[in-house]
Amino acid sequence: MAAQRQYEELARQLSAIGAVKRGLGRGLPHDCPAGSAAVLILLDRHGAMRMSRLAELLAVDTSVTSRHVAHVAEKEWIVRDPDPADKRSRILRLTPDGKAKVDELSELSIRTLTHYLHDWTDDEVVQLSTLLARLRDSFGDCRAASARLPHSPHDVQTTSETTRTPA
């Protein structure tokens, strides 16, 4: 297990990851902001799905997902077909124009990463990818109720207090 100072440094580095995300975002086309790009990429990766599943994958509220979906639907990059299992729901699917936009986004991401990581070796890029995937897997589904953070030492309860986490 890593020492306290190593976790502190990791926390500092992770808090700075926003700069990396903004750098990648600067490479996006003006007509496709990051939220819209995420919708298209997830539909390409996972196939057609309901809005509720997309919200889960995006790890955002359904209302936020709805705004992103409205934007990509307006651009005709997706269609919202009735769900045969539940006519009240819609199944989101990429259109051919949406697939073309995903391909464009992929090319832009590769160019941006190539620009910023030009002095990295192939092995370093693979190592970073592997470690980031492992980090994500370690966190699992962070939205699940069972994924609550452990209590801080200041929150220690006496034996007479309940140890249940409120819903």
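How does Arg12 count at 49% relative accessibility: buried, partly exposed or exposed? At that value, Arg12 counts as partly exposed. Buried means under 20% relative accessible area, exposed means over 50%, and partly exposed lies in between (1.4 Å probe, protein chains only).

The model is predicted: local features need pLDDT of at least 70, side-chain atom pairs count only at pLDDT 80 or more, and totals for chains, interfaces and linings use all residues. Residues are numbered from 1 along each chain as its sequence is written, and side-chain values use heavy atoms, with hydrogens and water left out.

**View 1**
Glu9 pairs with Arg12 in a salt bridge. Their closest N and O atoms are 3.1 Å apart. The term covers a side-chain nitrogen of Lys or Arg within 4 Å of a carboxyl oxygen of Asp or Glu. Helices are DSSP runs of H or I with at least four residues; strands are runs of E with at least two; both are numbered from the N terminus. Glu9 is partly exposed, at 33% relative accessible area. By the salt-bridge rule, the count comes to 10.

**View 1. Asp44 and Lys99 meet in a salt bridge.**
The N to O distance is 3.2 Å. Asp44 lies in helix H3 (residues 34-46) and Lys99 in helix H6 (residues 96-116), so the pair ties together parts that are 55 residues apart in sequence. Asp44 is partly exposed, with a relative accessible area of 33%. Lys99 also counts as partly exposed, at 34%.

**View 2. A network of salt bridges links Asp31, Lys101 and Glu104.**
Side chains of opposite charge can pair when their charged atoms come close.

**View 3. An open sheet of three strands, in the order S1-S3-S2.**
The pairing is antiparallel. Strand S1 (49-50) and strand S2 (78-83) are the edge strands, each pairing on one side only. Two strands pair if DSSP finds at least two bridges between them. S1 is joined to strand S3 (residues 86-94) by two bridges. Met49 has Leu92 as its bridge partner, and Arg50 has Ile91. Six bridges join S2 to S3. Pro82 partners Arg90 in S3. S2 and S3 form a hairpin, with two residues between them.

Arg50 forms a salt bridge with Asp83. The closest N and O atoms are 2.6 Å apart. Arg50 is partly exposed, with a relative accessible area of 31%. Asp83 is buried, at 7%.

**View 4. A patch of negative charge on the surface.**
Asp119, Asp122, Asp123 and Glu124 gather here. Patch residues have over 30% relative accessible area and no salt bridge; like charges are joined within 9 Å, and nonpolar side chains (Val, Leu, Ile, Met, Phe, Trp, Tyr) within 5 Å. Asp and Glu count as negative, Lys and Arg as positive; His and the chain ends are not counted. Asp123 is placed in helix H7 (residues 122-139). Asp123 is exposed, with a relative accessible area of 64%.

Technical notes: Accessible areas come from the Shrake-Rupley method with a 1.4 Å probe; for residues, only the protein chains shown count as cover. The place of a charge is taken as NZ of Lys, CZ of Arg, CG of Asp or CD of Glu.
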